[in-house]
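My entries follow in the order I made them.

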Amino acid sequence: MEIRFGYVSNALNLWDCSPAKTMTFARYSKLDREEAKQALHTVAKQNLEHTLRILHYSVAHEIPLYRFSSSLIPLATHPDVKWDFLTPFGGLLREIGSLVRKNSLRISFHPNQFTLFTSDKPHITENAVADMQYHYDLLKGMGLEDEGFINIHVGGAYGNKETATERFYRNIKKLPAEIKARMTLENDDKTYTTSETLAICEKENIPLMFDYHHYFANKTDEDDLEELLIRFARTWDGTGKKPKIHISSPKSEKELRAHADYVDPDFIMPLLKKLKEMDLDSDFMIEAKQKDRAVLRLVEEISAIRGVKRMSGGSVVW
């Protein structure tokens with residue numbers, strides 16, 4: 001069984017390298033047209049250049065998974081701003097894509113919790129489609145539209161999960177087919193359980209992004225981890241990618257759902273043992289607060305387990 005590891009957005013071991021610098025609409029509105037345009041360009045250029053630095057860092061440390069920041073382009077989907085960022089930054093985007101392909105990195109996006117398809121309000125669905133389009137446009141600008149994935153949650157239950165699920169099936173039809181083909185769905189820590197999310201994934205032919213921490217916080221007595229993992233792995237059939245799992249551990253007993261700075265190996269051990277029994281290769285996206293530092297520490301700790309062999313800076317075989 002092989003496990004590869006990655007982290008989210010920012011490499012904390014790099015100095016001043018945030019890829020998510022922002023610009024508020026309030027600030028934008030106070031500038032004249034040319035100043036506003038220049039400000040948007042300055043922030044976006046810095047975010048993309050920082051992303052390149054982070055990817056080079058990942059390559060140097062042999063960390064094969066990376067999740068791009070969704071905030072690369074400021075105000076990209078704001079209805080009063082929407083601007084052409086693909087033309088001026090085409091070169092930078094292609095450079096990022098070239099680096100990803102050359103080093104066989106696995107990349108993804110994860111829009112915020114407001115990108116959902118269960119609402120009964122049409123404008124929320126319209127905004128969700130626009131946000132998914134933005135992320136897809138970035139992948140396309142990088143030349144990664146056939147390999148990157150955009151991960152979201154099912155959405156809210158709004159007091160009636162069955163009705164909300166039916167709305168998901170209706171609303172998701174408004175998403176262009178080429179974008180839907182790049183999406184994944186993640187199980188929640190409070191609302192949609194792993195089995196509920198799996199049922200939607202299986203019906204809509206969407207890969208499940210299995211979050212083990214969320215599973216732990218929101219499981220039922222009927223949930224069997226091995227059975228869920230078997231079904232989860234099948235949703236990735238035909239994608240050309242290994243099943244992908246989100247990993248984090250609770251900050252404390254009282255803050256069960258909050259993410260700790262690092263990943264506790266003891267917390268994920270039941271999952272590791274089950275994957276070993278099943279001989280199921282998988283990719284782990286670490287969602288700990290310490291990001292790349294958490295990846296490097298966890299790989300070291302897992303490598304110390306008897307029978308585990310470290311294959312690179314960010315992968316092991318057990």
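**Cysteines.** I started with C17. Its relative accessibility is 2%, so C17 counts as buried; that word means under 20% relative accessible area, with exposed over 50% and partly exposed in between (1.4 Å probe, protein chains only). C201 is buried too, at 1% relative accessibility. Then I searched the whole structure for disulfides, meaning pairs of cysteine sulfur atoms within 2.5 Å. The search found zero.

**Ground rules.** I noted that this is a predicted model, in which local features need pLDDT of at least 70 and side-chain atom pairs count only at pLDDT 80 or more, while totals for chains, interfaces and linings use all residues. Residues are numbered from 1 along each chain as its sequence is written, and side-chain values use heavy atoms, with hydrogens and water left out.

**Overall fold.** I counted 11 helices and 10 strands in the protein chain. These are DSSP runs numbered from the N terminus: helices are H or I with at least four residues, strands are E with at least two. The radius of gyration, taken over C-alpha atoms, is 20 Å. The globule rule (2.2 Å times the number of residues to the power 0.38) gives 20 Å for 318 residues, so the chain is as compact as a globular protein of that length. The C-alpha atoms fill a box of roughly 60 × 50 × 40 Å along the principal axes.

I then checked burial and contacts. Of the 318 residues, 54% count as buried. Contact here means heavy atoms within 4.5 Å. Among contacts between residues at least 6 apart in sequence, 76% join residues at least 24 apart. The chain exposes about 14,700 Å² (Shrake-Rupley method, 1.4 Å probe). Carbon and sulfur atoms supply 47% of that area.

**Core.** Which residues touch the most other members of the largest nonpolar core? They are F5, F68, I73, F210, F284 and I286, in a core of 97 residues. Helix 2 (residues 33-60) gives the most to this core, with nine residues. A nonpolar core is a set of buried Ala, Val, Leu, Ile, Met, Phe, Trp, Tyr and Cys residues joined through side-chain atoms within 4.5 Å. In soluble globular proteins, nonpolar side chains tend to be buried together.

I listed the contacts of F284, leaving aside neighbours within four places in sequence. Among them are I3, R4, F5, G6, L65 and I245. F284 also contacts I247, L271, L272 and L275.

**Aromatic pairs.** I found 17 aromatic pairs in the structure. Rings of Phe, Tyr and Trp (its six-membered ring) pair if their centres lie within 6.5 Å; planes under 30 degrees apart count as stacked, over 60 as edge-to-face and the rest as tilted. F210 and F232 make a tilted pair, 5.7 Å centre to centre with 45° between the planes. F210 sits in strand 6 (residues 208-211) and F232 in helix 9 (residues 225-234), 22 residues apart. Both F210 and F232 are buried.

I looked at F216 and F267 next. Their ring centres are 5.0 Å apart and their planes are at 75°, so this pair is edge-to-face. F216 lies in helix 8 (residues 212-217) and F267 in helix 10 (residues 265-278), so the pair ties together parts 51 residues apart in sequence. F216 is partly exposed at 33% relative accessibility, whereas F267 is buried at 13%. Ring pairs link F210, Y212, Y215, F216, F232 and F267 into a cluster.

**F232 up close.** Is F232 buried or exposed? F232 is buried, at 1% relative accessibility. Not counting residues up to four places away in sequence, F232 touches L198, L208, F210, P243, K244 and I245.

**N13.** I found N13 in the loop between strand 1 (2-8) and helix 1 (25-30). N13 is partly exposed, with a relative accessible area of 41%. Beyond four places in sequence, N13 touches Y57, D292, R293 and L296.

**Positive phi.** Most residues other than glycine have a negative phi. Y158 has a positive phi near 50°. Y158 is in the loop between strand 4 (149-153) and helix 5 (161-171). K291 also has a positive phi, about 45°. K291 is found in helix 11 (residues 291-303) and is partly exposed, at 21% relative accessible area.
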